[in-house]
Amino acid sequence: MGILEKISEIEKEISRTQKNKATEYHLGLLKAKLAKYRSQLLEPSKSAGVKGEGFDVMKSGDARVALIGFPSVGKSTFLSLMTSTASEAASYEFTTLTCIPGVIEYKGANIQLLDLPGIIEGAAQGKGRGRQVIAVARTADVVIMMLDATKGDVQRELLEKELESVGIRLNRTKPNIYFKPKKGGGLSYNSTVPLTHCSEKLVQLILHEYKIFNAEVLFREDSTPDEFIDVIVGNRVYMPCLYVYNKVDQISIEEVDRLARRPHSVVISCGMKLNLDYLLETLWEYLALICLYTKKRGERPDFNDAIIMRRGASVEHVCHRIHRTLASQFKYALVWGTSTKYSPQRVGLTHVMEHEDVIQIVKK
């Protein structure tokens, strides 16, 4: 029996089993087995033949955004509208067969946008070059999931399921669980909050499935068995995702209103160029980027050339971005903007910068 058959057997078993107190251990074990088989499926086989052509594009710019969606939802049209790159768009499926990069220039930042080939159901098992598409998506900072507004919620559920099965967790934070395998001493199990989904016996069963008998486990939040399995496996990617509903000019205004009110969702129309500016604003928020400006002593700030950093960046990060030796020669910095109590404020290396701050660095 191949891995795919084993996975489908376990999935059938899970759907057949009633969820109650008596079956939670059985379900936990099945989920652990399922995660184990899926991770085996993602590993390339040792006896791989000729290497296929990969898609990975060199990372450039300040951030990377991947466009994922079913064939013919408007990904290539969106890329052509947003960037100066022309991606071939036609009315038949699978027009795009490889990864096409483009650059969005917004608020002084260069955001790399990757137009990936359409995903089909079963992509996680490698159908339709699905594995390469998903592998590129794992390297992105934000995923834009392009959906056809005329198709309802079917596409969204299928895509979420495909990405979930390869270890991409959308719009979720990493579970607050401390886990450390040890050489001996058995299982040390503790929790700082009351647990409703997991128990010591279930944790032990899941760890035994992974051949781990000595470990330290501390739950700092009420997590599910699935989240605990994610922590054990350790190769999960947690990333923000924007659900973009295209072709809203073909549905009723009530339906547009319903879709637009859903969390993490934006409605657009590439054909009529509707709402694209709001999408860019939302994307900027999700990327958590900030613009900083530098100033020389006795001169006006240079507002033409911004330094793009991640939100939460300190003065030390800014020094490293300008030059790697600058932090060692740093004396103090003067900062103007919203991160200070008064302008200019004299700050040290640990001061956290905010959007559109101006900084002047004084060396020793």
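**Entry 1: Ser191 and its sheet**

I looked up Ser191 and found that it stands opposite Phe219 in β8. I note that the model is predicted, that local features need pLDDT of at least 70, that side-chain atom pairs count only at pLDDT 80 or more, and that totals for chains, interfaces and linings use all residues. Residues are numbered from 1 along each chain as its sequence is written, and side-chain values use heavy atoms, with hydrogens and water left out.

I then checked how β7 meets strand β8 (residues 215-219): the two run parallel and are joined by 5 bridges. Strands (E, at least two residues) and helices (H or I, at least four) are DSSP runs, numbered from the N terminus. Two strands pair if DSSP finds at least two bridges between them.

Which order do the strands take in this open sheet of 3 strands? I read β6-β8-β7, with mixed pairing. β6 (177-181) and β7 (187-191) stand at the edges with a single partner strand each, so one side of each is left without a neighbour in the sheet. From one strand to the next, the twist averages 5°. Angles run from 0 to 180 degrees between N-to-C directions, and axes are lines fitted to C-alpha atoms, for helices over the stretch in contact.

I found helix α6 (residues 200-209) packed on the sheet, touching β6, β7 and β8, with its direction at about 135° to that of β7. Contact means heavy atoms within 4.5 Å. Helix α7 (residues 225-233) lies across β6 and β8 and runs at about 45° to β6.

**Entry 2: the sheet of 5 strands**

I recorded an open sheet of 5 strands with mixed pairing, in the order β13-β12-β16-β14-β15. Here β13 (307-310) and β15 stand at the edges, and each has a single partner strand, so one side of each lacks a neighbour in the sheet. Strand β12 (residues 289-294) and strand β16 (residues 357-363) run parallel, joined by 3 bridges. Thr294 stands opposite Ile359 in β16.

**Entry 3: Arg156**

Is Arg156 buried or exposed? I found that Arg156 is buried, with a relative accessible area of 9%. Buried means under 20% relative accessible area, exposed over 50%, and partly exposed in between (1.4 Å probe, protein chains only). Arg156 is found in helix α5 (residues 154-165). Leaving aside residues up to four places away in sequence, its contacts include Met145, Tyr243 and Arg262.

**Entry 4: confidence**

I noted that the chain averages a pLDDT (the predictor's confidence in each residue, from 0 to 100) of 80, and 87% of the residues score at least 70.
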